[in-house]
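Good morning, everyone, and thank you for coming.

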Amino acid sequence: MKCKRCGELAAVKLPSHHAGFCPTCFEVFFKRQVETAIRRHGMIMPGEKVLVAVSGGKDSLALMRVLTDLGHTVDGLHVHLGIPDSSDPVCERTESYCRENGLRLHVLRTAEVGLAIPDVKNAVHRPICAVCGKIKRHYFNRYAYENGYTALATGHNLDDEVARLFANTLRWDAKYLGSQGPTLPGEGRFVRKIKPLCRLTEFETAAYCFLKDINHWKAACPYSGGASFTGHKKLFADLEDRSPGQKTAFYEAFLAQGRPHFAGASRGEGQDTLYACAQCGFPSSGEVCGVCRVRELVALKQGGAR
């Protein structure tokens, strides 16, 4: 197959775009998809500082690399979760890549704020992935707000967005359908949330990492498993094989035609009142936010163990 752009031998075949690209032209394609997402959805304004939530996986490192290459002012934040035999090597791999490629990375260790994930797992009676996600979202937003970043970028790709959209549609979850999209505006102590990879599939991001020699972490978290999104992704992968382009069509049609019908349910009509958490000062639906309550449970559990 020949490269659609230059006519050389293609290295990456993209049936959904009826195209193939050589390594150089694929990078051009990848960058243009990110630029289009940023422009269409008002993600980054000139001169703004962007914080990238860096897990160490392919999507977040690819995002940090491409935003930097596009000339944006970008730093990364990696949240070290304190999980034995996992968090240390992930953090070391991530720090090594960023250091070798001139990317600025900050590291926040949850153990230092009383929220090491193994301790959290022992203290709460809920699925640990949900609680871990809440903690990470809190500290990514908090770090961005406290350090003057205008936007917080996450590595959610098209497959992630489609799987989430499908799950929310199955439940007809109006609140989440109203807020789902590539950009969530900032408000108060919430900074703007953006997803610049929303037009790119997981395969395309993996191909970008391979061609750019991005040494990302590949193993799954030892605490994860059985997530429903995995099944949804497989369903859409089968659909995409039979009818290339359906993932993009489903997502883009939702943004243009579906989401406006749920806008009132997401932020406004029926929205719970938010207060400043009495402990950390960040938005909460009650006197104390969920993350501070989890910290209290961990401290109580550890105090009882003594």
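This is a predicted model: local features need pLDDT of at least 70, side-chain atom pairs count only at pLDDT 80 or more; totals for chains, interfaces and linings use all residues.

Which residue in E5 does Leu77 stand opposite? Leu77 stands opposite His106 in E5. Residues are numbered from 1 along each chain as its sequence is written, and side-chain values use heavy atoms, with hydrogens and water left out.

Let us begin with the strands. Helices (H or I, at least four residues) and strands (E, at least two) are DSSP runs, numbered from the N terminus, and two strands pair if DSSP finds at least two bridges between them. Strand E4, residues 73-80, pairs with strand E5, residues 105-109, in the parallel sense over 5 bridges. Between E4 and E5 the chain passes through helix H3, residues 87-100, in a right-handed β-α-β crossover; right-handed here says that, with the strands pointing away from the viewer, the path from the first strand over the helix to the second runs clockwise.

On to strand E3, residues 49-53, which is largely enclosed by the rest of the structure because 4 of its 5 residues are buried, where buried is under 20% relative accessible area, exposed over 50%, and partly exposed in between, with a 1.4 Å probe and protein chains only. E3 runs parallel to E4, joined by 5 bridges, and Ala53 stands opposite Leu77 in E4. A right-handed β-α-β unit is made by E3, helix H2 (residues 58-69) and E4. E3 also pairs in the parallel sense with strand E6, residues 151-153, over 3 bridges, and there Leu51 stands opposite Leu152.

Now back to His106, which is found in strand E5 and is buried, with a relative accessible area of 16%. Leaving aside residues up to four places away in sequence, His106 touches Asp75, Gly76, Leu77, His78, Tyr143 and Tyr149, contact being heavy atoms within 4.5 Å. With Tyr143, the His106 side chain makes a side-chain polar contact at 3.1 Å; such a contact is a pair of N or O atoms within 3.5 Å, where within protein one must be able to donate a hydrogen and the other to accept it, and residues adjacent in sequence count only if both atoms are side-chain atoms. Tyr143 is itself among the buried residues of H5.
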